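Me: I would like to go through some of the terms used for a structure. Please set each value against its definition.

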Amino acid sequence: TSKEKGGSLAPNFTLEDLSGKRISLTDHRGQFVLIDFWATWCPPCVKSIPELVELHKKYKEKGLVVLGISLDDPNRVDNHLLSAFKEKNRIQYVILRGSEKVLQDYSGPEGMAIPTLFFVDREGKIVDKLVGFMPGRVESSLKKLMG
């Protein structure tokens, strides 16, 4: 399964960012990708954002790409509200609109607690998965994985 170290290929996806641009996971092959499944209504997700913003800044020169996949209901939180949230929280990384398919591909039928982060290596394999937010845990995983 994708939860094993050295893991399987991360399911590819093509999702829209807040400006409507389509972005695929395979666009980032050769880079280290941190995929964050989150929502604006989730307190631990919101708490984890400042740390992700810092890590994005600190590691992007080393090839880290952070993709935040918002699981907010577009009928409740439209792109305008999500963009305002992004600006207010000084998020510099890409925010994508989640879909039922990407959620299924990454969680399976049992669903997913959020936040859940997947670490995808330069070859496109899932090499780690963190569920929930604990300060410092994401960076210690990154250091191990990116060297």
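Reply: Start with axes: they are lines fitted to C-alpha atoms, for helices over the stretch in contact, and angles run from 0 to 180 degrees between N-to-C directions. Helices (H or I, at least four residues) are DSSP runs, numbered from the N terminus. This is a predicted model, where local features need pLDDT of at least 70, side-chain atom pairs count only at pLDDT 80 or more, and totals for chains, interfaces and linings use all residues. Residues are numbered from 1 along each chain as its sequence is written, and side-chain values use heavy atoms, with hydrogens and water left out.

Me: Why are helix 1 and helix 4 called roughly parallel?

Reply: Helix 1 (residues 43-59) and helix 4 (residues 137-146) pack at an angle of about 25°, with axes 10 Å apart. Angles under 35 degrees count as roughly parallel, and therefore helix 1 and helix 4 are called so.

Me: Which residues of helix 1 meet helix 4?

Reply: Contact means heavy atoms within 4.5 Å. Glu51, Leu52, Leu55, Lys58 and Tyr59 in helix 1 meet residues of helix 4, including Leu142 and Met146.

Me: What makes the link of Cys42 and Cys45 a disulfide?

Reply: A disulfide is a pair of cysteine sulfur atoms within 2.5 Å. The S to S distance from Cys42 to Cys45 is 2.3 Å, and a disulfide joins them. A search of the whole structure finds one disulfide.

Me: How do you know whether Cys42 is buried or exposed?

Reply: Buried means under 20% relative accessible area, exposed over 50%, partly exposed in between (1.4 Å probe, protein chains only). Cys42 has 4% relative accessibility, so Cys42 counts as buried. Cys45, at 0%, is therefore buried too.

Notes:
Helix = DSSP H or I, 4+ residues; strand = E, 2+ residues; numbered from the N terminus. Parallel < 35°, antiparallel > 145°, perpendicular 65-115°, else oblique.
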